[in-house]
Structure formats: structure tokens, C-alpha cells
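The sequence and the model are shown first, and the description follows.

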Amino acid sequence: MRRLVGVDTSCDDTGVGIVDAGDGSVLANVVLHQHETHGPFGGVVPERASREHLDRIDDAFARALQESGSTLGDLVGVAATRGPGLVGALLVGLSWAKGLAFARGLPFAAVHHLDGHVASAAVDGIGRALCLIASGGHTLLLIREADGAARPLGASRDDAAGEAFDKVARALGLPFPGGPALARLAQEGDPDAFPFTPPLRGQSGYDFSFSGLKTAVATLLERDPEAPAADVAASFERTVVRSLVGTIARAARDFGLDTVIVAGGVAANVRLREALGTSGLRVVLPPPRLATDNGAMIAMAARARLTGPEPASDLEVDAAPYLPWAARSEATT
Ligand code: KG4
Ligand code: ZN
């Protein structure tokens with residue numbers, strides 16, 4: 001058996017996945033969350049995140065081997081996230097993965113975290129498509145060519161979509177991590193209760209902006225502390241979803257594209273998935289468990305490099321906490 005291991009420790013999840021080197025199918029995807037560690041602080045504490053990755057990465061790997069029925073001898077390549085992310089957290093997974101590759105004499109590939117998110121949607125053979133990456137750190141709309149090259153069309157000018165979910169969740173007093181908690185609460189609310197102004201209405205470009213909406217929610221809660229939280233959550237969620245899907249639909253028309261790939265943690269959002277489903281576009285999504293940070297997507301992103309003639313990365317490659325999308329080819333060397 002020929003298998004690849006992928007590692008992601010870019011933030012607060014220790015992710016180790018194992019995929020088939022031949023067809024990229026996911027055989028194990030272990031994600032150890034740190035919610036209890038960071039919950040009391042209302043956000044990720046970087047130093048604690050690094051320490052926990054260090055404590056738990058061996059266990060995550062052992063579980064992934066067991067879950068996939070693999071032995072060390074089945075592994076033919078190792079991939080890890082190089083950036084962007086928290087530097088201490090990145091260093092743990094990257095160093096660990098390089099150590100495994102060195103000890104076993106395996107090829108190693110450093111991966112740009114956002115390439116991992118795109119790969120999670122199993123994009124091989126999709127052809128030219130729009131691609132939205134919406135996570136806690138990024139909101140990026142791209143045109144992705146069939147060969148994987150990608151040109152940015154727009155991005156968030158301020159908060160990322162996931163970040164807005166997290167901040168509004170916090171304002172509503174919801175537990176960390178906020179995005180999924182807000183989405184659950186919103187299911188019980190009326191999305192028409194509070195008609196928030198759509199962000200960047202009337203723009204001709206393809207950018208996003210969520211901090212004005214976040215402020216509108218905060219102002220509402222200040223003026224009316226009794227406002228039903230479920231209604232506020234549902235109205236906020238609808239406004240974000242409409243902004244994302246509206247901009248995607250407009251870009252699809254303008255560029256004559258009929259397919260959209262949507263990836264990143266926010267792609268787990270049920271209302272977003274529903275709205276995309278009625279957009280008239282062919283929609284390519286990761287399964288929800290692969291939408292949020294995980295190691296399997298990193299192995300998926302590196303499969304061609306680890307199994308083909310392209311050179312894999314040097315073991316000298318360092319963590320890169322700030323790694324813009326435009327520099328992602330540098331992530332590979
Ligand atoms: O991609 P990801 O796991 O980590 C980053 O690379 O940032 O994305 C995490 C983000 C968080 O902001 C989280 O609140 C958001 O994705 N998220 C969601 C949902 N699940 C995760 N936002 C809305 N609805 C969800 N169901
Ligand atoms: Zn991510």
C-alpha cells in the first residue's frame with residue numbers, strides 16, 4: 001500500500017491525515033481540538049496552542065495510522081503546512097513532519113495552508129472555475145485554472161468571514177469556537193428579524209467586507225440588549241451568506257464561469273451550502289469534516305508533488321507565518 005501523511009498545525013487544531021497516494025482518498029483524518037484550552041480566553045492563545053500541538057502530535061499520528069490500518073512501511077511521502085498561521089504552532093507540525101520524512105527517507109512537501117483548503121474539495125479534473133476560500137483568516141475569491149494556477153479577483157478588505165462569525169458569536173455570549181455555535185443558534189432564529197445593510201452594496205469589484213456588519217450587530221446589541229439572540233444570529237448569518245453568494249454569482253456571470261469551488265472553515269456552514277445549491281452554479285464543496293482545518297487536505301494538496309516527477313521540498317524549508325497567496329509557489333521550496 002502506498003500512502004501519504006499530511007500534517008496541519010497552523011492554528012489550534014492538531015491535524016494528521018493519511019490519504020491514498022494513488023487516488024487521494026482519505027483513509028484517516030484525526031483532528032485533536034483545543035477548545036477547552038482556549039475557551040476560557042475567548043480566543044486562541046498562541047503559546048498554549050504550540051505546547052498542546054507538541055504534547056499531542058505523536059498521539060494524533062498513532063491514531064491516524066491505526067484508523068487507516070497503515071504501518072510506517074506504507075508511507076511513501078510526508079506533507080506539512082508551512083504557513084500562513086501561528087509561527088510556534090506551525091513550527092511544531094512542520095518540524096515533526098520533516099523529522100518523520102528524514103527518519104524514514106521519504107520525500108517531503110511543504111504546503112501553503114490555503115492550497116490545502118482548495119484541495120479538500122477534491123478539485124482534480126474540475127476545469128476552470130471560480131474558487132472562494134472562506135476561513136477564519138482569509139476570504140479570497142479566485143479564478144482557478146484547470147492546471148491549478150489561480151488569479152485573485154477579490155478579498156476581504158477587513159475581517160475574514162469566519163472571523164466575523166467568531167466576533168459576532170462572542171458579542172452574543174456564545175462559547176468558543178464561535179462560528180459553529182452561532183450557526184447552530186441561528187437555526188432557531190428569524191433571518192428577517194433584523195435587516196442589516198448588505199456589505200459593499202453596489203460595488204463593481206469582487207471584494208468583501210464584514211467589519212461594518214460586525215459593528216452593526218454590536219450597535220444593535222448595545223441599543224437593545226433584549227434583542228433575541230437567535231434572531232440576531234440568523235439575520236447576521238443571512239447577510240454574510242448573501243454577500244458571499246451574491247458576489248460569487250456576479251463574478252460567475254461576468255467571467256462566464258459555471259462552476260464554483262468553496263472551501264475553508266466557513267464552507268461547513270449549512271445555510272451557505274443551501275444558498276449555493278440554489279445559485280444555478282455547479283458547486284464543488286469539501287465534505288464538512290474536511291472543510292475546517294485538518295491534515296488530510298494537506299496530503300491531498302501535496303499528492304502530485306510527492307508522487308510525480310516534480311521535486312518535493314527541501315528539508316531546510318522554514319515556517320512562514322505570513323505567507324500571502326501570491327507567494328504560494330514559494331511554499332513548495
Ligand atoms: O479553515 P478554518 O478551520 O481555519 C482557518 O484556517 O482559519 O476556519 C475556521 C473558521 C472559524 O472562523 C470558524 O468560526 C468558521 O471557520 N466556521 C464556521 C462554521 N464552521 C467553522 N463559520 C460558520 N458556520 C460554520 N458552520
Ligand atoms: Zn484553515
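Helix α2 (residues 46-68) has 23 residues and spans 30 Å from its first C-alpha to its last, close to the 33 Å expected at 1.5 Å a residue; the expected span is 1.5 Å times one less than the number of residues. Helices (H or I, at least four residues) and strands (E, at least two) are DSSP runs numbered from the N terminus. The model is predicted, so local features need pLDDT of at least 70 and side-chain atom pairs count only at pLDDT 80 or more, while totals for chains, interfaces and linings use all residues. Residues are numbered from 1 along each chain as its sequence is written, chains are lettered from A and ligands numbered from 1 in the order in which they are written, and side-chain values use heavy atoms, with hydrogens and water left out.

A kink of about 45 degrees in α2 is centred on R56, the bend being the angle between axes fitted to the seven residues ending at a residue and the seven starting there. Buried residues of α2 include A49, H53, I57, F61 and L65, where buried means under 20% relative accessible area (1.4 Å probe, protein chains only). Their cover includes β1 (3-8), β2 (14-20), β3 (26-32), α1 (35-38), β4 (75-83) and α3 (87-104). After α2 comes G69, whose phi is positive, near 65 degrees.

The zinc ion (ligand 2) is coordinated by H113 (NE2), H117 (NE2) and D293 (OD), at 2.0 to 2.1 Å. Donors are N, O and S atoms within 2.8 Å of the metal (3.2 Å for Na, K and Ca); water is not among the atoms, so sites may look incomplete. H113 and H117 are separated by about one helical turn because they are four residues apart in helix α4 (residues 113-119). S135, in the loop between β6 (129-134) and β7 (139-144), is in contact (heavy atoms within 4.5 Å) with residues including H117, A160 and G264.

| Residue | Relative accessible area |
|---|---|
| H113 | 7% |
| H117 | 0% |
| S135 | 8% |

Five strands form an open sheet of mixed pairing, in the order β8-β7-β6-β9-β10. Because β8 (150-155) and β10 (282-284) each have a single partner strand, one side of each is left without a neighbour in the sheet. Strands pair if DSSP finds at least two bridges between them. Strand β9 (residues 259-263) runs parallel to β10 and is joined to β10 by three bridges; I261 has V284 as its bridge partner in β10.

Definitions and conventions
Buried < 20%, exposed > 50% of the residue type's maximum accessible area, 1.4 Å probe, protein only. Lists of a residue's contacts leave out its neighbours within four places in sequence.
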